[in-house]
Every structure is written in structure tokens, then in C-alpha cells.
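Please take a moment with the sequence and the structure shown below, and keep both at hand while reading the paragraphs that follow.

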Amino acid sequence: MNDAGPTFAQTAVTETIDAFHYGRFHVVQPKGIGHRSGMDAMLLAALVAGEGPMRVADLGAGAGAAGLAVASRIEKAEVLLVERSPLMADFARKSVALASNAAFAGRVSVLEADVSLSGRARIAAGLIDDVHDHVIMNPPFNDGADRRTPDALKAEAHAMDDDLFERWIKTASAIIKPGGQLSLIARPESIADIIAACGHRFGGIEITPIHPRAGESAHRILVTAIKGSRARLALRMPLVMHDGPHHAFTSFVNDLNNGRASYPRLSKTRN
């Protein structure tokens with residue numbers, strides 16, 4: 001007999017339907033367990049710029065907030081939501097199926113797969129070589145030893161294993177077309193691991209520190225890179241989220257958060 005207690009599949013999960021981009025799309029998310037998407041997902045989505053047809057993969061998509069934000073904002077974007085957790089993949093499917101997302105639901109699909117797979121196992125799972133123009137990711141950001149939360153699903157979403165960036169960026173490199181863009185959001189202490197994982201796979205790395213307020217240390221970084229580029233790394237001007245002591249966003253950050261603007265790369269070339 002297994003006395004470990006109920007699994008996530010056996011436990012009734014309370015859910016919410018949350019509006020993003022001033023109600024232009026909605027996401028079904030678990031309440032009380034797991035990771036709930038917010039500002040990080042919207043800033044990540046803003047890194048995808050352009051208007052023409054494109055294929056975008058959201059690795060570790062959770063309930064799908066970042067990928068849905070891309071599909072909602074860019075009319076010709078086809079988005080693949082990739083999520084390992086069966087529970088969170090189910091929430092992503094529920095999100096896509098919402099009537100309020102019908103305008104773009106036909107351009108969004110969900111793949112239940114482990115991002116860290118490689119080689120034939122990755123391809124067999126549905127992560128095919130050289131098909132995406134963009135890959136976005138918001139990997140787990142806490143040290144793997146820091147698993148204080150009793151919520152196992154949230155711990156999985158937030159706690160970073162050794163060589164996580166190496167494994168995720170290796171997969172991104174495999175599924176992105178030559179010249180395609182990798183975009184991610186992470187904590188500043190991960191800079192060295194991200195650069196090392198990009199290695200010879202990605203160049204033209206652009207890093208933007210995000211500061212809560214002027215005079216405060218950065219708490220996130222936005223990173224973009226181009227597959228096969230040999231351009232040098234660029235450190236961009238910081239983004240400051242709040243004007244003063246209160247919680248109102250700066251005008252530009254508010255536009256990024258609500259799908260009114262994208263955050264394109266400085267470099268127009270991919271070499």
C-alpha cells in the first residue's frame with residue numbers, strides 16, 4: 001500500500017480564470033498550488049517582436065501565459081506550449097479552450113514533454129529540429145537546494161537543478177531554425193550559466209537588467225540571443241519597473257506588461 005498521500009491527479013484543484021493584456025486573453029491557473037504566472041511571463045512574451053508569420057515555442061509553459069500573450073499580440077504567430085507536468089499541461093489546454101481565447105486558439109497547441117530530453121528521445125516526444133523562429137523560456141530560478149515550499153508542484157516550477165540552463169538551451173538550439181531567436185527571463189545570478197550554455201550555439205547575446213526602482217539592485221534579467229550568430233554580447237540599458245515608492249509601473253513597462261509594446265533587440269543583424 002502506498003501511504004504517500006493523494007497525488008495531484010487525485011486531488012481536487014481549485015482554479016481561477018485570470019485576465020491579461022486588459023482582458024484580451026485569459027489563462028486558467030491552479031489556486032493554492034503550483035506556479036501562477038504574472039509579470040515575468042508578460043515581459044518574456046514582450047521579447048518576441050515582429051508582425052509576419054512565425055513559429056514560437058514556449059518551453060516550460062505552465063498554464064500557457066507567456067505563449068498565449070505572444071499569440072494574442074502577434075496575429076500570425078503559431079505557438080507551441082511545451083510543459084512536462086501533466087497537471088499544468090492540462091491547465092494549458094483549458095486555457096487554449098476558453099471561449100475568450102477563440103480568436104487565436106487555432107494557432108496554439110500544447111505538447112506534454114520534458115524540455116531536458118535530448119537526441120532521439122526529444123524528437124520522439126515531439127520537439128523537432130530546426131522548426132521554430134523563436135523559443136521563449138522562463139526556467140525554474142531558485143537554487144535546487146532551496147525547496148522550502150511544501151507545495152511539490154511549485155517547488156518543481158521554481159527550483160533549479162544543476163546544469164538546467166545547459167539542458168534547456170541545448171533543446172532550444174536544436175528546435176530553433178538557424179538565425180532564430182532565443183529569449184528568456186531569469187535572475188541576475190544566472191548570467192554566467194546562461195552565457196556558458198549559449199556557448200557556440202547562440203551569439204549576439206543581449207542582456208537587460210530589470211530593477212524594481214532607481215537605486216535598487218536588479219532582480220531579473222531579460223536575455224535574447226541568435227542561433228549561429230557570432231556577434232558580441234551587449235549589456236542594454238536597465239529597465240526600471242516603478243517610478244517611485246508605490247507600485248505603479250513606468251509607462252513603458254506597463255505597455256510591455258499589457259501587450260501594447262514589444263521589446264525588440266538592439267541588433268538588426270543576425271551575424
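This is a predicted model: local features need pLDDT of at least 70, side-chain atom pairs count only at pLDDT 80 or more; totals for chains, interfaces and linings use all residues.

How are α1 and α2 oriented to each other? Two packed helices are described by the angle between their axes and the distance between the axes. Helix α1 (residues 39–46) and helix α2 (residues 65–73) pack with their axes 8 Å apart and at an angle of about 45°, where axes are lines fitted to C-alpha atoms, for helices over the stretch in contact, and angles run from 0 to 180 degrees between N-to-C directions. The two helices, α1 and α2, are therefore oblique to each other, given that angles under 35 degrees count as roughly parallel, over 145 as roughly antiparallel, 65 to 115 as roughly perpendicular and the rest as oblique.

Residues are numbered from 1 along each chain as its sequence is written, and side-chain values use heavy atoms, with hydrogens and water left out.

The chain holds eight helices and 13 strands, both taken as DSSP runs numbered from the N terminus (helices are H or I with at least four residues, strands E with at least two). Of its 271 residues, 51% count as buried, a word that means under 20% relative accessible area, with exposed standing for over 50% and partly exposed for values in between (1.4 Å probe, protein chains only). Among contacts (heavy atoms within 4.5 Å) between residues at least 6 apart in sequence, 68% join residues at least 24 apart.

On the side of α1 the contact is made by A41, M42, L44, A45 and A46, and on the side of α2 by A65, A66, A69, V70 and R73. Eight of the nine residues of α2 are buried, so α2 is largely enclosed by the rest of the structure; among them are G67, L68 and S72. Helix α1 also contains D40, which counts as buried at 18% relative accessibility and, leaving aside neighbours within four places in sequence, is in contact with N138, I185 and R220.

A second pair is formed by helix α6 (residues 164–175) and helix α7 (residues 191–198), which pack at an angle of about 40° with their axes 9 Å apart, and that makes α6 oblique to α7. Here α6 passes α7 in a right-handed crossing, and F165, E166 and I169 of α6 meet D193, I194, A197 and C198 of α7.

The structure also holds two aromatic pairs, counted where rings of Phe, Tyr and Trp (its six-membered ring) have centres within 6.5 Å, with planes under 30 degrees apart called stacked, over 60 edge-to-face and the rest tilted. The rings of F20 and F25 have centres 5.5 Å apart and planes at 10°, so this pair is stacked; F20 is buried with a relative accessible area of 10%, and F25 is buried with 0%. The rings of F252 and Y263 have centres 6.2 Å apart and planes at 50°, so that pair is tilted. Because F252 lies in helix α8 (residues 251–257) and Y263 in the segment after α8, the pair ties together parts that are eleven residues apart in sequence. F252 counts as partly exposed at 36% relative accessibility, whereas Y263 counts as buried at 8%.

Conventions
A crossing is left-handed if the near helix is turned anticlockwise from the far one by less than a right angle, and right-handed if clockwise.
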